[in-house]
Amino acid sequence: MPDDVLEIRWHGRGGQGVKTAAMLFAEAAFEGGKFIQGFSDYGPERSGAPIQGFTRVSDKPITLHNFITEPDVVVILDPTLLGTVPVAEGLRPGGKVLVNSSRDPAEVAAVLGVDASQVYVVDAKTISLEVMGRDMPNSPMIGALVKVLGTVELPWVNETFEKKFGAKSKTVVETNVAAIKRAYDEVRGTSK
Amino acid sequence: MAGPSVQSLKLPLTGNDAAAYAMKQVNPDVVAAYPITPQTELMQTFAEYVHDGEVDTELITAESEHSAMSACVGAAAAGARTMTATSANGFALMWEVLYIAASLRLPITMTVVNRALSGPINIHCDHSDSMGARDAGWIQLYAENPQEAYDLLLVALKAAENHDVLLPAMVMYDGFIISHTMEVVETLPDEAVREFVGPYKPAYAMLLDKKPFTVGPLDFHDYYFEHKRQEIEGMLHAPAALAASAAEFEGLTGRSYGPLETYRADDAEVIMVALGSTAGTARYAVDALREQGHAVGLMKLRTFRPFPAAEIAAALGGAKCVVVCDRVVSFGAFGSPTFAEVRSALYEVPERPLVINYIYGLGGRDTGPDLLEQAFEEGLRVASTGEIKEHVGYLGVR
């Protein structure tokens, strides 16, 4: 909506950590001194049901309190939502779409009906399985988003994971940070 | 105003986190509660503070909200600083005890996370819960965001406990829209909060006072009216107590909390009135329309009880049209509660603005700046033609 607020809409399915991703990305931006909002749309809480999360980031206080309907960025944690849920609806002209997918950006762009230059892909499922031992795509998607946007920096993300999970389990922090870094390195668009 | 006198700590908190954090810092003697979405996370977080020994509160997990508020009444009458929180149907189940808490002059402080009343069953935000209790004798403050959810709870508690007032206070914020949204919240150090609220000094305490007395006996046509008149007097003292509490709080934080707040309203021909999170969204609608050259502004109403009629008349009196947005319907009434009272407050203004009413956002219906711009546009039409087509309209309903 406003030009000085970065608006991110997250799509996934119940159980994939969509809400957590929206909140964690906001918290990482907070670590970097930004003003933030992290929230989600609460429907009937069912595993597998389509879920939306939202993150706003700005250098100024944010007083908007509605859903994000014209996102700058859409992040899709579950590729089976493509063609099922209108994930790219309202995407701003020139906006970016980041998808958890092993396909090429151009193929995904064709399904979404957006220009290939707007699309970025990362195989968060494989990264998550290999690094964390389970299919939990939200952390790698955060790493990929950091690369695609450039607004939030990796050390802020790492610090957030350390603060939130450090007291509970070092392993949780380490595997998440590793998955985030790998997705950061592996995310690809048409130009890179 | 000088800057804040205390160093704050910024934290990323949801509305529920923020209210729980304020309760932790107050460290009340007794909390009695029952969980209900979207209040549940607040009480869950507070219960963790109790479990971890961060507070020494006696936490009573009651079997219903009726029991929870009854336990609060008992605890407060015994002389305990007492707090609780609820939402929607749970709030409705407290109903008869709300009046008892107020009439016994027990300064219980409660967070109400606004949620639509069933039916149909709905867990999302509107103000039908707290608006229904506007005549219960409680101070009512509406918070816009997690920061205000934190701040106003502290300001309200201190005003409620003021011996000129001695009435319970509730602080509202919007279910999910605020309760589950993380924002940056500036928190005070624990010592600063404890010093601000001070040690609890109940006016009367059944378990602490040397002289025994009875609480809540029969009170018929001989004295009931006089006791109600005293209760009214307590509410009449609430504005000064709220102002004093807010002034002290402003000294600590630099954040100012009057009964209302205006935005670009000084020269506005059309002023929107909104409560809670929608006031924040409305600022974007104001900015967009100002950019197009329209003289529009906003009045955010923070204190609903005691209703700041004189301040409202002063804030809105210069407008040609006032657009009152309310997230509640009052069936069979002439407009929503805020509409009716704002319109009444303007009756003696020399050049009375025309007043229109929009009901919006029931059951959590998403309300963005575009919808609010529609309401402003009708306000601009009314301002230029002097003609009201419909006093009450509905925003964003299909």
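Contact here means heavy atoms within 4.5 Å. Everything below comes from a predicted model.

**Figure 1. Where chain B meets chain A.** On the chain B side 25 residues take part in the contact, and chain A brings 22 residues to it. Together the two chains bury about 1900 Å², with 64% of that area coming from carbon and sulfur atoms. Look for Met182(B), Tyr284(B) and Asp366(B): this trio supplies 32% of the area that chain B buries against chain A, more than any other three residues.

**Figure 2. A salt bridge across the interface.** The rule finds one salt bridge between chain B and chain A. Here the side chain of Glu41(B) pairs up with that of Lys19(A), at 4.0 Å from N to O.

**Figure 3. Polar contacts and the chain B face.** Eight residue pairs are in polar contact across the interface, both partners at pLDDT 80 or more. On chain B, the elements giving two or more residues to the side that touches chain A are β1 (9-13), β8 (183-187) and α10 (277-291). With five residues, α10(B) gives the most. Sorted by class, this side of chain B has nine nonpolar, 10 polar and six charged residues.

**Figure 4. A closer look at Asn145(B).** This residue sits in the loop between β6 (139-142) and α7 (146-161) of chain B. Asn145(B) counts as buried because its relative accessibility is 15%, and the cut-off is under 20%. Its side chain reaches the backbone nitrogen of Glu148(B) at 2.9 Å. Leaving aside residues up to four places away in sequence, Asn145(B) touches Ile178(B) and Glu183(B), along with His65(A).

Notes: Residues are numbered from 1 along each chain as its sequence is written. Chains are lettered from A and ligands numbered from 1 in the order in which they are written. This is a predicted model: local features need pLDDT of at least 70, side-chain atom pairs count only at pLDDT 80 or more; totals for chains, interfaces and linings use all residues. Side-chain values use heavy atoms; hydrogens and water are left out. Buried area is the accessible area (1.4 Å probe) that two parts lose on being put together, summed over both. A polar contact is a pair of N or O atoms within 3.5 Å; within protein, one must be able to donate a hydrogen and the other to accept it, and residues adjacent in sequence count only if both atoms are side-chain atoms. Helices (H or I, at least four residues) and strands (E, at least two) are DSSP runs, numbered from the N terminus. Ala, Val, Leu, Ile, Met, Phe, Trp, Tyr, Cys and Pro count as nonpolar, Asp, Glu, Lys and Arg as charged, and the others, Gly among them, as polar. Buried means under 20% relative accessible area, exposed over 50%, partly exposed in between (1.4 Å probe, protein chains only).
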